Amino acid sequence: MSSSSVSSGRTLKRKCLCGDEAIMKPSGTDLNPGRRFLGCPKYPKAKLIEDKANEYEKKAKEYESKAKEFDNMTEVYEWRIKEMKRVERKKIKEAGTMERNFWMKLLVALLVLVGGCILFNYGVREEGIALPR
């Protein structure tokens with residue numbers, strides 16, 4: 001019994017994952033030099049594009065993490081600014097209180113001085129005391 005195969009001359013068209021028709025290419029590896037295989041017609045460019053896409057994705061993640069850091073720093077600085085404004089308002093209020101206290105003390109001192117002078121003059125006139133010169 002013998003077997004034979006008949007070729008109809010038709011070849012199967014295989015598609016690459018990108019959708020294009022796969023083509024026969026020679027291998028360039030040390031393990032299989034020159035061995036033919038089906039590959040993507042866009043391979044060198046597709047590989048470069050894939051590498052670039054991976055590189056951009058990596059950069060995007062890097063920038064995203066830096067953006068999150070920046071957001072955190074922004075929140076910290078916004079909190080610090082609010083805290084500084086709160087402290088400034090407190091100090092302005094304290095300064096106003098201190099100024100009011102100063103003027104009150106000065107007024108009391110003047111009233112005591114004027115009142116003392118009035119009482120002293122009244123006492124001198126009533127008593128007829130002569131002041132030494």
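Lys68 and Glu64 lie four residues apart in helix α1, so about one helical turn separates them. The structure described here is a predicted model. In this model, the side chains of Lys68 and Glu64 meet in a salt bridge, at 3.8 Å from N to O. A search of the whole structure finds three salt bridges and zero disulfides. A nonpolar surface patch is also present, formed by Phe102, Trp103, Leu106, Leu110 and Leu113.

**Salt bridge Lys68–Glu64**

- The N to O distance in the salt bridge between Lys68 and Glu64 is 3.8 Å, and the two residues belong to helix α1.
- Glu64 has a relative accessibility of 46% and therefore counts as partly exposed.

**Salt bridge Lys61–Glu57**

- Lys61 and Glu57 form a salt bridge in which the closest N and O atoms are 3.7 Å apart.
- The spacing of this pair is four residues within helix α1, which means that Lys61 and Glu57 are about one helical turn from each other.
- Lys61 counts as exposed because its relative accessibility is 54%, and the cut-off for that class is over 50%.
- Glu57, at 45% relative accessibility, counts as partly exposed.

**Salt bridge Glu83–Arg86**

- The side chains of Glu83 and Arg86 meet in a salt bridge with an N to O distance of 2.5 Å.
- Both Glu83 and Arg86 are located in helix α1, where a spacing of three residues places them about one turn of the helix apart.
- Glu83 is partly exposed, its relative accessible area being 26%.
- Arg86 is likewise partly exposed, with a relative accessible area of 39%.

**Nonpolar surface patch**

- Together, Phe102, Trp103, Leu106, Leu110 and Leu113 present about 520 Å² of accessible area in a nonpolar patch on the surface.
- Leu106, one of the residues of this patch, is found in helix α1, which spans residues 43-127.
- The relative accessible area of Leu106 is 33%, so this residue is classed as partly exposed; patch membership requires over 30% relative accessible area.

- No disulfide is found in a search of the whole structure.
- Cys40 has a relative accessibility of 15% and counts as buried, because the cut-off for burial is under 20%.
- Cys117, at 41% relative accessibility, counts as partly exposed.

Key. Residues are numbered from 1 along each chain as its sequence is written. This is a predicted model: local features need pLDDT of at least 70, side-chain atom pairs count only at pLDDT 80 or more; totals for chains, interfaces and linings use all residues. Side-chain values use heavy atoms; hydrogens and water are left out. A disulfide is a pair of cysteine sulfur atoms within 2.5 Å. Buried means under 20% relative accessible area, exposed over 50%, partly exposed in between (1.4 Å probe, protein chains only). Patches are made of residues with over 30% relative accessible area and no salt bridge: like charges are joined within 9 Å, nonpolar side chains (Val, Leu, Ile, Met, Phe, Trp, Tyr) within 5 Å. Accessible areas come from the Shrake-Rupley method with a 1.4 Å probe; for residues, only the protein chains shown count as cover. A salt bridge is a side-chain nitrogen of Lys or Arg within 4 Å of a carboxyl oxygen of Asp or Glu.
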